[in-house]
Amino acid sequence: MRRFFSHAVLHVKLSFRDKGSLFWGFIYPVLLLTLMAVSFSGLKISQERVPIAVEQGSALAGALRGIDILDIRDYQGDAALTALRDKKIDGIYRADGTLLVRGKGMNETILREIGSQLKKVGAAFAAGHSPDFSKGYIARGDQDAGILPVILSASLGMFALYGYFSGVSIVHTIQANLSPLAVRVSTAPVSRLSFVCAGMATGTIMNVLHTVVLLLYLKWVWHVNYLSDIWRTLLLVLVTGFFGAALGLFVGASNRWPIRAKVPLGVALMLVLSAFSGMMGSGFRLFLDKTFPWINRFNPVNIFSRTIYRLNALGTTKDFSEAVLFFLAAGIVLCFVSLLFMRNRRFRSL
Amino acid sequence: MQNVCEMRQVVKRYKEVTALDHFNFEIHEGEIVGLLGPNGSGKSTAINCLLGLLAFDEGGVEVFGRPVSPDDMDMKQRIGFVPQELSFFAELSVADNIRYFAGLYESDNARRDVMVSEAVEFVGLEKYVKFTAKKLSGGLKRRLNIACGIAHHPEFVMFDEPTVAVDAQSRNFILEGIKEMNRRGSTVLYTTHYLEEAQELCDRIVIMDEGKNMASGTLEELIDLVDPTEAVHIAFSEPGDRVFNMIREIPGVVDIQEENNHTVILLTPPGHRLSALLEELKNHHISYTSLHSELPTLNDVFLKLTGKALRD
């Protein structure tokens with residue numbers, strides 16, 4: 001047991017002293033999530049209100065005043081035209097229903113879309129249709145209308161599996177045919193099982209720590225709360241981290257590729273699985289779900305992202321138990337197979 | 001004297017390549033044995049077989065009188081290994097590295113801390129204990145590599161080319177350290193490319209090539225094996241046939257060669273005939289402007305046994 005702690009302390013020290021590990025474990029995920037959040041939260045984050053003028057007598061005046069994004073200024077006639085020319089406003093909704101803008105740009109596009117939508121609604125009224133605004137026309141299922149939660153949860157799924165790198169590292173430190181350091185360690189009276197267990201435990205815990213930091217970051221900075229069902233979420237993060245480390249152990253032990261090949265392999269694998277799960281946008285994921293539905297059924301990133309989303313955004317525990325059992329069982333199987341691969345202590349070549 | 005390790009008729013093949021070809025070898029307790037050979041001669045293969053990490057095809061390997069086994073923890077407890085490659089954790093400090101490796105052998109914290117202090121002192125890294133290993137210079141890294149391998153006071157230590165790419169000062173420090181370890185009771189197996197190191201350090205030398213034990217013995221025994229001569233380089237004031245004919249008559253002179261501006265006289269047995277030669281020169285009033293003598297070296301023996309062809 002003392003040796004177990006000695007190995008565990010080693011792994012923890014290596015995790016905290018390796019600047020590469022710290023960067024890829026803590027800083028890179030925060031940077032990537034920030035980039036994703038900024039890119040896909042779009043107007044909600046950066047869009048300021050659009051200044052406009054509305055001519056007296058415009059049929060759209062009432063509706064326009066009810067739109068938050070519009071900032072209606074009190075200009076009329078020539079004063080409004082002067083304000084448009086001086087860039088004090090971005091457009092004028094005229095009494096005859098036309099829209100006057102200065103040129104092409106984001107704000108002008110917004111104004112054109114708003115005008116177009118209001119006209120369609122007006123046309124619907126004119127045709128005798130009368131929408132009941134007290135009724136909810138969109139029924140809420142388990143799909144969120146926004147793309148951001150899909151992308152963030154898929155990214156989280158990717159990072160939750162980063163225990164992979166600990167798993168690979170463990171094998172390359174103890175399996176004598178994989179590295180000179182492992183040759184050196186193998187000449188000492190070391191229990192391989194103790195070393196692997198200590199590495200798996202610390203790798204999993206470190207990964208939980210990384211993921212919790214990300215969840216807190218999302219909650220406090222981006223107000224995306226994936227910690228509302230905190231205990232189930234932590235359990236999910238824990239078993240996913242264990243599965244990631246077991247996957248790394250398996251990839252590390254099952255072949256003699258150098259570590260410089262296994263690490264990029266892991267990065268690529270995570271990215272692909274995340275893309276399947278929607279990190280690159282929901283379109284690809286929807287295509288996969290229709291064409292090859294079995295892929296995401298067994299995609300660990302998708303299992304994690306779907307479950308954490310349902311737990312925290314939809315408040316349902318649907319599939320939670322299945323997900324936990326899947327990660328736990330698959331992780332144990334991978335560990336067992338990896339230890340079988342690692343049973344040799346004497347090799348044909350080093 | 002008891003054998004610490006023994007390899008008998010060991011054959012190791014890598015597909016078509018035979019790395020060890022019925023290799024025989026033993027080390028007696030308390031010895032420093034040098035294992036010399038050109039690149040690819042099988043030195044590291046032999047060491048890996050001794051460590052129990054490499055499977056071999058034929059023969060037997062024993063360490064401390066028992067067949068070597070990768071699961072023999074008691075045997076591993078008594079062995080130390082300093083590999084050729086730097087094998088420590090680059091991100092950890094000097095002290096943490098030595099503490100971890102010592103901890104693989106010693107579970108008592110107090111005793112382990114003593115081992116760490118002794119190892120640090122032994123390799124002269126006192127000023128660097130808190131340095132991160134990757135920030136050390138090449139020579140200091142080598143010393144740390146050694147400290148990690150010997151901190152647990154092993155009875156038998158294997159050094160696999162520990163002085164590759166280190167400066168003369170560090171090399172000297174390392175060699176002195178190994179001698180001190182030996183004085184304290186450790187048996188040492190030392191592989192190197194640097195023949196002068198083996199000449200300086202080792203009680204006995206084994207020369208291997210193409211997986212075979214070509215010769216073994218003390219330096220003197222090895223030199224005797226290869227028909228040795230002492231080369232006396234003389235620049236005569238008035239060289240000529242009279243001088244050369246006179247020299248050819250002196251007992252022990254086996255050959256005379258003309259080189260650039262001087263003459264090389266080969267004497268045998270080495271170390272015993274120079275005074276007789278000088279006496280004869282004096283008696284015959286033959287004057288010279290310079291003279292120096294070269295005794296045969298391990299390098300001569302090595303090249304004679306392994307040939308001068310370049311190796312991979």
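B:E197 counts as buried, at 1% relative accessibility. In this predicted model, B:E197 forms a salt bridge with B:R171, with the closest N and O atoms 3.1 Å apart. The two residues are 26 positions apart, B:E197 in helix 7 (residues 195–201) and B:R171 in helix 6 of chain B. B:R171 is buried as well, with a relative accessible area of 17%.

**Other salt bridges within chain B**

- Over all chains, the count comes to 28 salt bridges.
- B:R204 forms a salt bridge with B:E31, the closest N and O atoms lying 2.7 Å apart.
- This pair links distant parts of the chain, 173 residues apart: B:R204 is in strand 9 (residues 204–209), and B:E31 is in the loop between strand 2 and strand 3 (32–36) of chain B.
- Both B:R204 and B:E31 are buried.

- B:K43 belongs to helix 1 (residues 43–50) of chain B.
- B:K43 counts as buried because its relative accessible area is 5%, under the 20% limit.
- A salt bridge joins B:K43 to B:E161, with 3.9 Å between the closest N and O atoms.
- B:E161 lies in the loop between strand 7 (156–160) and helix 6 (168–183) of chain B, 118 residues apart from B:K43.
- Like B:K43, B:E161 is buried.
- The side chain of B:K43 also reaches the backbone oxygen of B:G37 at 2.8 Å.
- Leaving aside residues up to four places away in sequence, B:K43 touches B:L35, B:L36, B:G37, B:P38, B:E161, B:T191, B:T192, B:H193 and B:M208.

**Interface of chain A and chain B**

- The contact involves 28 residues of chain A and 37 residues of chain B.
- About 3,100 Å² is buried between the two chains, 59% of it on carbon and sulfur atoms.
- A:R184, A:R346 and A:R348 supply 24% of the area that chain A buries against chain B, more than any other three residues.
- Four salt bridges are found across this interface.
- One salt bridge pairs A:R17 with B:D96, the closest N and O atoms being 2.5 Å apart.
- On the side of chain A that touches chain B, the elements giving two or more residues are helix 1 (2–17) and helix 9 (180–186) of chain A.
- Helix 1 of chain A gives the most to that side, with eight residues.
- The residues on that side of chain A divide into 13 nonpolar, six polar and nine charged.

**Domains of chain A**

- Chain A is assigned domain 1 (2–41 + 148–341) and domain 2 (47–126).
- The centres of domain 1 and domain 2 of chain A, taken over C-alpha atoms, are separated by 50 Å.

**Backbone geometry in chain B**

- The peptide bond from B:T268 to B:P269 is cis, with omega near -5 degrees.
- B:P269 lies in the loop between strand 13 (262–267) and helix 10 (274–283) of chain B.
- B:H22, a residue other than glycine, has a positive phi near 50 degrees.
- B:H22 is in strand 2 (residues 17–28) of chain B and is partly exposed, with a relative accessible area of 37%.
- B:H285, also a residue other than glycine, has a positive phi near 55 degrees.
- B:H285 is in the loop between helix 10 and strand 14 (288–294) of chain B and is exposed, with a relative accessible area of 71%.

Key. Residues numbered from 1 in each chain as written. Chains lettered and ligands numbered in written order. Predicted model: local features only at pLDDT ≥ 70, side-chain atom pairs only at ≥ 80, totals over all residues. Heavy atoms only, no water. Helix = DSSP H or I, 4+ residues; strand = E, 2+ residues; numbered from the N terminus. Buried < 20%, exposed > 50% of the residue type's maximum accessible area, 1.4 Å probe, protein only. Polar contact = N/O pair within 3.5 Å; in protein donor to acceptor, adjacent residues only side chain to side chain. Contact = heavy atoms within 4.5 Å. Domains from an automatic or database assignment. Buried area = accessible area lost by both parts, 1.4 Å probe. Salt bridge = Lys/Arg side-chain N within 4 Å of Asp/Glu carboxyl O. Nonpolar A, V, L, I, M, F, W, Y, C, P; charged D, E, K, R; others polar.
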